[in-house]
Amino acid sequence: MRVMIIGVAILFFTLFTYNTIEAQSAVYVCTKTGRYGVAFDDGNAPRMNMGQTKQEAQKRCLDTGGEDCQLFFSSQTKGWYTFFMGNEKGTYTFAVGKSMVSEKESMKKAMDDYLQKGGIVMAGCQTLSWYAPKDAIGYKANNAKQD
């Protein structure tokens, strides 16, 4: 009986703990300074929940000189992501692309988004790519959600 109670307790702990662990990405940007911060869950321990990921991305934006860092993008699904940023006469344009296939495809999608927003590709544009290898636990990969 004691073993069964311990087993049930472990099962409930595991189920409730897994529901709070997610694979995710977050990007914070500062439109005044052009600084940004990116954080993502790489699937390795210790895992981060969405709140921790957003907090880390915001911290990174502030740590690099951002003054008023705002959430630009977040996702809870696995895949390749690319962040693209450019500056034209003091106006910053930010874009993100996502691909389930490759980093190259996520870069193309980020550049397409950047150009659609009026950005101009030139020297000084910045890019950062990452891979989130696991979906949020209990979250369907084809049901992307942006906060």
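Modeller: The count comes to 10 aromatic pairs, where rings of Phe, Tyr and Trp (its six-membered ring) pair if their centres lie within 6.5 Å, and planes under 30 degrees apart count as stacked, over 60 as edge-to-face and the rest as tilted. The model is a predicted one, in which local features need pLDDT of at least 70 and side-chain atom pairs count only at pLDDT 80 or more, whereas totals for chains, interfaces and linings use all residues. Residues are numbered from 1 along each chain as its sequence is written, and side-chain values use heavy atoms, with hydrogens and water left out.

A pair of aromatic rings is described by the distance of the centres and the angle of the planes. For phenylalanine 72 and phenylalanine 94, the ring centres are 5.9 Å apart and the planes stand at 55°, so this pair is tilted. The pair links distant parts of the chain, 22 residues apart: phenylalanine 72 belongs to strand E3 (residues 70-75) and phenylalanine 94 to strand E5 (residues 91-99). Strands (E, at least two residues) are DSSP runs, numbered from the N terminus. Phenylalanine 72 counts as partly exposed because its relative accessibility is 28%, while phenylalanine 94, at 5%, counts as buried; buried means under 20% relative accessible area, exposed over 50%, and partly exposed in between (1.4 Å probe, protein chains only).

Phenylalanine 73 and tyrosine 81 also make a tilted pair, because their planes meet at 55°, with the ring centres 5.8 Å apart. Phenylalanine 73 is buried at 9% relative accessibility, and tyrosine 81 is buried at 0%. One aromatic cluster is formed by Tyr36, Phe72, Phe83, Tyr92 and Phe94.

Turning to the cysteines, a search of the whole structure finds one disulfide, the term being used for a pair of cysteine sulfur atoms within 2.5 Å. A disulfide is a covalent bond between the sulfur atoms of two cysteines. Here cysteine 61 is joined to cysteine 69, with an S to S distance of 2.2 Å. The torsion about the S-S bond of cysteine 61 and cysteine 69 is about -85°, so the disulfide is left-handed. Cysteine 61 counts as buried at 0% relative accessibility, and cysteine 69 counts as buried at 6%.

Cysteine 30 is in no disulfide, and the nearest cysteine sulfur to it, that of cysteine 69, is 5.3 Å away. Cysteine 30 has a relative accessibility of 0% and therefore counts as buried. Cysteine 125, at 22% relative accessibility, counts as partly exposed.

Methods:
Helices (H or I, at least four residues) and strands (E, at least two) are DSSP runs, numbered from the N terminus.
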